[in-house]
Amino acid sequence: TTAEKAGYDYFMLKEIFEQPRAYRDTMRGKVKVIGDAKDSGVSQQSGVEIREKIDEEVAERIAKQADVNYGLPAILQVQIEECKLSVEKIQQIEKVHIVACGTAYHAGLIGKSVIESCARIATEVDVASEYRYRSPMITPRTLVIVVSQSGETADTLAALREAKQQGAHVLAITNVVGSSIAREADDIVVTGAGPEIAVASTKAYTTQLIAFFLLGIYFAQLRQTLPQDKITNLVMAVEQLPALAEQLLTTEKTEQLAEIARRIALHHDLFFIGRGVDYAVAQEGSLKLKEISYIHSEAYAAGELKHGTLALIEQGTPVIALMTQPALFDKTMSNIKEVKARGAHVLVIAYDNMAEELAKTADEVFTIPMTEAILSPALSVIPLQLLAYYTALTLGHDIDKPRNLAKSVTVE
Ligand code: G6P
């Protein structure tokens, strides 16, 4: 009914707009404030950085919790009370296998980047329907993380059982506490998305990202793979994501995307490109568009285009390029020039401070607020969700119930 949709035309749009709230609910109780940085050996240098970055609302809460003066740099850490893995066991993890289906698999791709870059644990990601049949090398020191919104996906559940049987510790990131996956896993981290009705997953995906950010930082803390000032900065940046996500949901922003979507709706093929986590987000953006608009698209690692797919670029082919990784900016820029030279119409998604530079090459720029490079997916995916939504809306599809798809797939 309309009432359940709280005035939105579709659940999907409602759920996109719920993301800032869902981020907050996923983080709730998982950030620990230790106290004033001055007493804890954090350099003054990093203290200044923190003060400059601090969001007022976050600062006030931290000050209250830690009983420190407003704006004073505090030490922040992650605590995951529901995680039963002992400190010793976390320190002994040899490798991580992330296993999931669909959108949850795409969240796993980001999870790999976070765990490898923060906690320095070698991580592999598999789609659940492939995992069991490739003779995965599981040892008692393997942590298997299964990711599932519903907690009922048959392939993911079967992978969980197989991993447990082979002696792995299985941690589930799930949105449904009483689900089969939640019950059978050794450990769970619950996402605070709340019920997700639309078949195309939005807030479940982004809260899975938040769960991975927190887990990655938590492991880094316990394995001492990042210095405390870096951890404080990262936690602070995670805390600011809800407020930054809100900036992407203004009328001005959504109207810009609705306008672009009306043009995308005229095409039969498009490409999403990016490097690193941007490539993983590109895959999710492409899936979203396919699921509800039925327009064919492909996500490509930007640097791989020239090894084949470039042949498909014609005059006017839309290319959506994600460019949130400062270290990869120049490399992706040359890929944008490659597709431009073949006639592509390029939309770039990048930080505000890059807009001017990008406007010289791209046909269009959609800006997102700046955050730590590794956390950018929680922001950059939002315009892609909205693009998929407005494209499907333009085409008049039943957005919440796309043809041939089910919210939860309980057959293998
Ligand atoms: C179905 C849904 C997808 C979802 C996938 C995994 O295919 O249509 O949106 O990503 O299942 O679901 P899960 O509940 O395990 O996250």
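Q: What makes Gly-316 exposed?
A: In this predicted model, Gly-316 has 11 other C-beta atoms within 10 Å, and because a residue with 12 or fewer is called exposed, Gly-316 is exposed. The residue sits in the loop between β9 and β10 (318-323).

Q: Which residues does Gly-316 touch, not counting residues up to four places away in sequence?
A: Gly-316 touches Gly-343 and His-345. As for its position relative to Ala-301, which is 15 residues apart from it along the chain, the two C-alpha atoms are separated by 20 Å.

Q: Why is Gly-178 called exposed?
A: Gly-178 has 8 C-beta neighbours inside 10 Å, and since exposure is assigned at 12 or fewer, Gly-178 counts as exposed. Its place is in the loop between β6 and α9 (180-184), and its C-alpha atom is 9.7 Å from that of Ser-150, although the two are 28 residues apart in sequence.

Q: Why does Arg-120 count as partly exposed?
A: Arg-120 has 14 C-beta neighbours inside 10 Å; exposed would require 12 or fewer and buried 20 or more, so Arg-120 falls in between and counts as partly exposed. This residue lies in the loop between α6 and β4 (122-127), and its phi is near 55°, a positive value in a residue other than glycine.

Q: What makes Asn-404 exposed?
A: The count for Asn-404 is 6 C-beta neighbours inside 10 Å, and as the limit for an exposed residue is 12 or fewer, Asn-404 counts as exposed. Asn-404, in the segment after α16 (377-395), has a positive phi of about 70° although it is not a glycine.

Q: How do you know that strand β6 (residues 169-174) is mostly covered?
A: Six of the six residues of β6 are buried. The burial holds for both faces, with His-169, Leu-171 and Ile-173 on one side and Val-170, Ala-172 and Thr-174 on the other.

Q: What makes β5 (residues 142-148) and β6 a pair of strands?
A: Six bridges join β5 to β6, and the two run parallel; because at least two bridges are needed for strands to pair, β5 and β6 pair. Within this pairing Ser-148 stands opposite Thr-174 in β6, and β5, helix α8 (residues 154-165) and β6 make a right-handed β-α-β unit.

Q: Which residues touch the most other members of the largest nonpolar core?
A: Of the 131 residues in this core, Val-146, Leu-214, Ile-217, Ala-321, Val-348, Leu-387 and Tyr-389 touch the most other members. Helix α10 (residues 203-223) gives the most to the core, with 13 residues. Leaving aside its neighbours within four places in sequence, Ala-321 is in contact with Ile-273, Gly-274, Ala-302, Thr-332, Ile-336, Val-346 and Val-348.

Q: Which residues come nearest to the ligand?
A: Of the 16 residues around the ligand, Gly-102, Ser-148, Gln-149, Ser-150 and Thr-153 come nearest. By class, this shell has six nonpolar, nine polar and one charged residues, and helix α6 (residues 102-119) gives the most to it, with three residues.

Q: How many residues of the protein count as buried?
A: Of the 412 residues, 51% count as buried. The protein has 16 helices and twelve strands, and residues 24 or more positions apart account for 76% of the contacts with a separation of 6 or more.

Definitions and conventions: Residues are numbered from 1 along each chain as its sequence is written. This is a predicted model: local features need pLDDT of at least 70, side-chain atom pairs count only at pLDDT 80 or more; totals for chains, interfaces and linings use all residues. A residue is near a molecule or strand if its C-beta atom, placed from the backbone, lies within 6 Å of it. Helices (H or I, at least four residues) and strands (E, at least two) are DSSP runs, numbered from the N terminus. Ala, Val, Leu, Ile, Met, Phe, Trp, Tyr, Cys and Pro count as nonpolar, Asp, Glu, Lys and Arg as charged, and the others, Gly among them, as polar. A nonpolar core is a set of buried Ala, Val, Leu, Ile, Met, Phe, Trp, Tyr and Cys residues joined through C-beta atoms within 7 Å. Two residues are in contact if their C-beta atoms, placed from the backbone, lie within 7 Å. A crossover is right-handed if, with the strands pointing away from the viewer, the path from the first strand over the helix to the second runs clockwise.
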